[in-house]
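Welcome, and thanks for taking a look at this one with us. Here is a short briefing to read alongside the structure, grouped by topic.

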Amino acid sequence: MTRIPSKQEILDWISAHPTQSSKRDIAKAFGIKGSDRIDLKRVLKELEGEGHLEKRKRTYRDADHLPPVTVLQIKAPNQDGDLFARPLEWHGDGVEPIVLVIPRASDPALGEGDRVLAKLTQVHEEDHNYEARLIRRIGSNPRRILGIFRKGAEGGRIVPIDKSGSNEWMVPEDARHGAKDGELVEAEQSGPKSRIGLPRARIVDRLGDPSAPKAVSLIAIHQHGIPDAFADAAIEEADRCKPVGLSGREDLRDLPLITIDPSDARDHDDACFAQADDDPKNPGGHVIWVAIADVAAYVRPGSALDREAWKRGNSSYFPDRVVPMLPDRLSGDLCSLHEGVPRACLAVRMQIDAKGHKIGHRFVRGLMRSVASLNYAEVQEAVDGSPNDRTEPLLDDVLKPLFAAYNALKQARDIRQPLDLDLPERRIILADDGKVQSVAFRDRLDAHRLIEEFMILANVAAAETLTEKRSPLLFRVHEEPDPKKLEALRETAQSAGFNLAKGQVLQTRHLNALLNQAAGTDEAELINISTLRSMTQAYYSPENFGHFGLALAKYAHFTSPIRRYADLIVHRALIAAHHWGDDGLTADEIERLEKTAEHISETERRSMMAERDTTDRYLAAYLSERVGTEFAGRISGIARFGAFVKLEETGADGLIPVRTLGREFFHFDAEAGTLMGSDTGLTIALGQQVTVRLTEATAVTGGLQFELLSLGDKPLPRGPAPSRRGAPKRKLLKSKKKTDKLKRKLRRQ
């Protein structure tokens with residue numbers, strides 16, 4: 001009997017002979033013949049099951065090494081112009097190999113995101129492990145899928161995790177790449193969709209257990225394509241950064257500036273201070289200082305840090321993590337205004353009169369030192385008469401002057417009348433193991449409103465200064481509502497017994513009058529939600545179209561350059577306009593402003609969707625243990641296939657499928673936003689109070705499904721079987737097809 005080689009001997013052979021790794025090659029190398037091959041096959045199966053080997057057709061390869069021919073995704077060029085690539089077929093346990101692409105004169109130009117088939121040579125260089133030579137480019141940006149892998153006889157399939165009801169995908173065995181049944185995976189389309197059967201995909205990343213609590217935000221990050229890993233060059237740049245000194249800056253270290261943030265804040269990029277104005281020409285007035293971290297001093301135009309920040313557009317915040325726009329060396333350290341530490345800043349000194357109107361301002365590039373890092377709750381408690389050890393020494397000289405200035409600003413706000421929606425914000429509270437501990441609504445304190453008013457005032461000052469200096473910048477734009485949406489809002493208001501002014505130029509004060517009419521009534525939430533839905537979405541633009549919601553003619557984002565790229569652009573514009581250094585807005589950036597505005601408007605929407613999806617999944621996980629429980633809620637949306645309900649207790653949204661509403665047909669009126677029963681006349685409309693029973697809660701998709709029990713205080717009537725008289729057979733069949741389609745959709749959820 002021939003000796004069967006050990007597992008390590010087999011792995012060593014495959015590593016040394018990657019092109020001779022079939023079972024026949026291995027048997028020949030170790031002189032294994034006849035029935036002894038059965039034992040060799042058993043050892044290879046064990047290595048495969050342990051994850052050490054991956055079977056590809058009739059060959060095996062070491063999972064910790066790349067095959068000689070593989071698919072690569074091109075990364076952005078580094079500072080030296082070298083092209084590196086990510087190996088899409090890497091599934092080892094160690095550090096991902098670094099692949100340097102060696103171009104030839106005849107090769108096509110390659111850019112970031114391109115996918116290529118390449119021949120690899122293993123090397124032992126200081127900065128890379130493999131060198132790649134192009135065989136052919138195989139296209140870029142194939143469709144990405146995120147879902148649960150289900151193993152099958154010929155590979156498996158991927159069940160998408162989104163709520164859109166999209167198709168499943170087939171994964172051939174040689175494209176599985178070690179994925180296990182039930183794992184969360186990311187895949188990409190591997191060929192054109194055929195007319196018969198499921199589309200094909202290849203797995204490019206294994207993300208682990210989808211039911212793990214800490215996978216919730218990871219799902220959203222991957223699903224929405226949010227970059228969550230910084231390029232090495234950016235990290236290296238951040239690590240080389242040193243604190244900025246006083247040279248050429250105004251010394252603000254004697255000003256008692258403080259930061260006020262949530263108790264769980266991950267960074268501190270704004271500080272403020274206020275005092276009574278001693279100018280005799282401004283009796284009862286105030287001086288307000290707002291100081292913002294000088295991110296532009298560290299993130300130079302065109303640098304690796306700048307490219308990464310532009311790509312992200314903004315930070316994305318989730319209950320268990322943050323995907324920052326800048327590496328932690330900057331966002332959590334050098335650009336965070338920590339207590340007692342000198343920090344570079346851009347600051348604005350603003351004068352307001354006794355009625356809160358800004359009568360003057362000037363910007364400086366300075367060096368500040370925060371005297372305290374406080375949170376909203378302790379600041380509010382201090383001014384309400386319960387200071388703690390941290391706030392008591394600051395109460396008279398710092399906190400009370402801040403609130404005196406805020407009280408003046410409130411007067412100006414009341415005259416300006418910005419849109420005053422009352423929409424409570426949900427807060428997901430996690431336990432140490434990542435599971436949802438509770439769901440609450442965030443408090444709205446005067447301390448929150450104070451900081452908001454100070455930041456708005458500083459943003460206005462930035463927009464006015466740059467406009468006056470004829471400097472290009474990015475405005476924050478919020479255009480007037482669409483007339484059709486306003487008419488729909490007006491009809492909703494009238495149906496609830498309220499009035500919205502008509503026949504004049506709409507202003508925010510007219511909308512506030514409607515909101516005040518509804519305040520305290522059962523229809524308050526309906527009117528607030530309907531008003532919000534009538535608004536256009538704010539965006540960034542190099543052209544100024546005003547900010548309707550804030551009732552401001554000029555507005556820009558200046559106060560959060562750690563987490564928004566738009567603010568960094570405004571900082572650079574201020575630096576260039578004041579000739580404060582060589583790190584201001586460049587001619588190239590000015591030329592690209594429109595593209596930048598479009599890009600960061602899109603990344604903002606991307607983050608909002610990812611954050612919302614994450615909240616939905618956490619809420620579904622939280623409620624999954626309460627299936628069968630009855631809840632109070634309100635109708636928040638109407639569609640042909642059912643009604644959406646927002647629960648009062650948690651703010652969670654879910655669907656009442658139209659098929660569960662009784663044995664009658666329900667007619668959908670898009671203009672009125674109603675579903676009406678053909679036999680009973682039962683009408684379901686926006687804003688109605690309902691009692692529902694939770695029937696399904698799918699954590700992986702964030703989907704909730706309810707059964708309607710009552711409308712208001714009236715139980716849901718059960719109508720007779722629907723009459724077929726007057727309903728053509730073709731129409732009935734069409735209706736059944738739609739119902740079946742919805743059933744399939746709900747099963748996939």
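The chain has a mean pLDDT of 86, with 89% of its residues at 70 or more.

**Confidence**

- Please take some care with residues 719-749, where pLDDT stays under 50.
- For that stretch, the model has 35 contacts beyond four places in sequence.
- Where pLDDT is low, the predicted coordinates should not be read in detail.

**Cysteines**

- If you are looking for disulfides, the structure holds 0 of them.
- For Cys241, the closest cysteine sulfur belongs to Cys335, and at 7.8 Å it is too far for a bond; a disulfide would need the two sulfur atoms within 2.5 Å.
- Cys241 counts as buried, at 11% relative accessibility.
- Cys272 is buried too, with a relative accessible area of 1%.

**Strand β3 and its partners**

- With strand β6 (residues 114-122), β3 runs antiparallel and is joined by 5 bridges.
- Within that pairing, Val69 stands opposite Lys119 of β6.
- Strand β4 (residues 84-87) also runs antiparallel to β3, joined to it by 3 bridges.
- On the β4 side, Arg86 is the bridge partner of Gln73.
- As you follow these strands, recall that in a regular strand the side chains alternate between the two faces of the sheet.

**The sheet β29-β30-β31**

- These 3 strands form an open sheet in the order β29-β30-β31, with antiparallel pairing.
- The edges are β29 (666-669) and β31 (683-685); each has a single partner strand, so one side of each is left without a neighbour in the sheet.
- On average, neighbouring strands of this sheet are turned by 20° against each other, direction ignored.
- Strand β30 (residues 674-677) pairs with β31 over 3 bridges in the antiparallel sense.
- Leu675 has Ile684 in β31 as its bridge partner.

**Helix α13**

- Helix α13 (residues 524-534) is largely enclosed by the rest of the structure, because 8 of its 11 residues are buried.
- The buried residues of α13 are Ala524, Leu526, Ile527, Asn528, Ile529, Ser530, Thr531 and Ser534.
- Among the elements covering them are α11 (483-495), α12 (508-518) and β27 (642-647).

**Aromatic pairs**

- There are 3 aromatic pairs in the structure.
- One of them is Phe403 with Tyr406, an edge-to-face pair at 6.4 Å centre to centre and 85° between the planes.
- Both Phe403 and Tyr406 lie in helix α9 (residues 395-416), 3 residues apart, about one turn of the helix.
- An α-helix has 3.6 residues a turn, so residues three or four places apart point the same way.
- Phe403 is buried, at 12% relative accessible area, and Tyr406 is buried at 3%.
- The rings of Phe641 and Phe644 have centres 6.0 Å apart and planes at 85°, so this pair is edge-to-face.
- Phe641 is partly exposed, with a relative accessible area of 32%, and Phe644 is partly exposed at 30%.

Terms used
Residues numbered from 1 in each chain as written. Predicted model: local features only at pLDDT ≥ 70, side-chain atom pairs only at ≥ 80, totals over all residues. Heavy atoms only, no water. Buried < 20%, exposed > 50% of the residue type's maximum accessible area, 1.4 Å probe, protein only. pLDDT = per-residue confidence, 0-100. Contact = heavy atoms within 4.5 Å. Pairing = 2+ DSSP bridges. Helix = DSSP H or I, 4+ residues; strand = E, 2+ residues; numbered from the N terminus. Axes fitted to C-alpha atoms, helices over the stretch in contact; angles between N-to-C directions. Phe/Tyr/Trp six-rings, centres within 6.5 Å; stacked < 30°, edge-to-face > 60°.
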